[in-house]
Amino acid sequence: MSEALVEAATRPSIARTGSAAMALPAVIVDAGPVAVERFLEFFAGSIANGRTRAAYGRAVGRFLSWCAARGLGLRAIAPLHVAAYIRTHPGSAPTVKQHLAAIRVLCDWLVVHQVLPVNPAAAVRGPKHVVTKGATPVLTPAETRALLDGIDAGSLVGLRDRALLSVMVYSFARVSAVVGMRRQDYFLQGTRGWLRLHEKGGKRHDVPAHHRAEAAVDAYLVAGEVEDAKAPLFQSVDRSGCLSGRSLTRRGVLAMIKRRAAAAGLPTSTCCHTFRATGITAYLSNGGTLEHAQQIAGHASPRTTKLYDRTADTVTLDEIERIVI
């Protein structure tokens with residue numbers, strides 16, 4: 001829905017009269033042209049991140065469809081209705097909290113722009129959800145080394161995949177930052193290679209390349225002859241096996257990881273984020289500090305970094321085995 005909303009926002013006449021109106025929730029359309037304008041402005045103007053826009057679009061669309069099915073107009077929505085929707089939401093606690101946040105922020109926007117008199121979601125509380133350890137699966141150093149060593153370095157695709165995974169595990173980089181890298185984002189500073197990652201929130205994050213990652217990226221660049229500074233660093237390949245000039249997508253990287261993990265006999269739950277958590281855990285297990293791990297990962301809070309730390313799992317297992325019966 002979010003793409004249609006942005007399209008409608010850039011062509012206002014369509015939002016009122018054309019087929020794009022079908023993409024707008026009926027509750028918003030029935031509230032009048034001012035409500036439509038402000039609704040489109042919220043998604044097109046106030047949310048910069050595309051994935052956040054898409055997630056909020058799904059959440060709001062689902063809620064407004066629920067309201068329409070019960071004959072509720074926009075201005076008739078009350079805290080009781082929002083609470084009823086949240087209490088009966090079939091999603092997990094994090095999903096419900098995200099949906100409530102989307103509804104609350106939208107209603108705030110509509111209140112500020114005088115479409116709604118009050119925010120019906122302001123007093124509604126979502127489910128409690130306390131996380132002290134992330135659910136991302138983590139590989140052992142031996143498993144990670146076996147995965148990287150098992151990739152065929154005799155092909156361009158193999159060199160690319162090994163380089164990409166090495167960057168992810170040795171720099172704690174998110175997959176979105178890695179696939180967004182350009183050739184110029186891998187550069188020399190002195191005698192060492194550096195990685196420039198463009199992380200969430202528009203933050204530019206420079207990290208020195210680990211020597212293993214540096215060697216893997218250098219081998220890939222030589223084989224792929226990637227020289228254009230503006231070209232994507234990690235590219236897809238065409239049918240002839242040559243680099244296409246187009247960046248790999250996050251879904252493409254996930255499919256590659258699933259394929260490589262299966263070939264290495266690793267758990268099917270292995271995903272893109274696994275390498276971020278694996279790198280952080282390996283770093284902390286070898287005497288690294290949480291403060292420096294936070295800096296390398298580009299986290300705003302050490303509590304976020306701690307979610308990726310699985311060093312306590314080994315300690316807990318050793319202690320559990322002391323129960324000798």
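# A guided tour of the predicted model

Select R160, D161 and R260 to begin: these residues are linked in a network of salt bridges. The model in the viewer is a predicted one.

**The salt-bridge network**

Keep R160 and D161 on display and show their side chains. The two meet in a salt bridge, with a distance of 2.9 Å from N to O.

**A salt bridge within a helix**

Next, select helix α4, which covers residues 33-45. Display the side chains of R38 and E41, which form a salt bridge of 3.1 Å, N to O. Why do these two residues lie about one helical turn apart? They are three residues apart in α4, which means a separation of about one helical turn. In terms of accessibility, R38 counts as partly exposed at 24%, and E41 is likewise partly exposed, with a relative accessible area of 33%.

**The open sheet**

Now select strands β1, β2 and β3, which form an open sheet in the order β1-β2-β3 with antiparallel pairing. Strands β1 (186-189) and β3 stand at the edges, and each has a single partner strand, so one side of each is left without a neighbour in the sheet. Neighbouring strands of this sheet are turned against each other by 35° on average, direction ignored.

Focus on the pair β1 and β2. Four bridges join these antiparallel strands.

Then move to R196 and D206, which form a salt bridge whose closest N and O atoms are 3.0 Å apart. This pair links distant parts of the chain: R196 belongs to strand β2 (residues 192-198) and D206 to strand β3 (residues 204-208), ten residues apart. D206 counts as partly exposed, at 29% relative accessibility.

Select residues 235-237, which make up strand β4, together with residues 243-247, which make up strand β5. The two strands run antiparallel and are joined by two bridges. Where does V237 find its bridge partner? The partner is L243, in β5. Between β4 and β5 there are five residues, and the two strands form a hairpin. Centre the view on G241 in the turn, which has a positive phi of about 85°.

**The cavity**

For the last stop, select V60, F63, L64, L74, I77, I103, L106, C107, L110, L116 and P120, which line the largest cavity. This cavity has a volume of about 60 Å³, and the count of cavities of 30 Å³ or more comes to one.

Which helices each supply at least two residues of the lining? They are α5 (50-69) and α7 (93-112). Colour α7 separately, as this helix gives the most to the lining, with four residues.

Notes
Residues are numbered from 1 along each chain as its sequence is written. This is a predicted model: local features need pLDDT of at least 70, side-chain atom pairs count only at pLDDT 80 or more; totals for chains, interfaces and linings use all residues. Side-chain values use heavy atoms; hydrogens and water are left out. Two strands pair if DSSP finds at least two bridges between them. On a 1 Å grid over the protein atoms alone, a cavity is a set of points where a 1.4 Å probe fits but cannot get out, and a pocket is an open set with protein on both sides within 12 Å along at least five of seven lines; lining residues have an atom within 4 Å of a point. Grid points are joined across faces, edges and corners, and a volume is the space filled by probe spheres set on the points. A salt bridge is a side-chain nitrogen of Lys or Arg within 4 Å of a carboxyl oxygen of Asp or Glu. Buried means under 20% relative accessible area, exposed over 50%, partly exposed in between (1.4 Å probe, protein chains only). Axes are lines fitted to C-alpha atoms, for helices over the stretch in contact, and angles run from 0 to 180 degrees between N-to-C directions.
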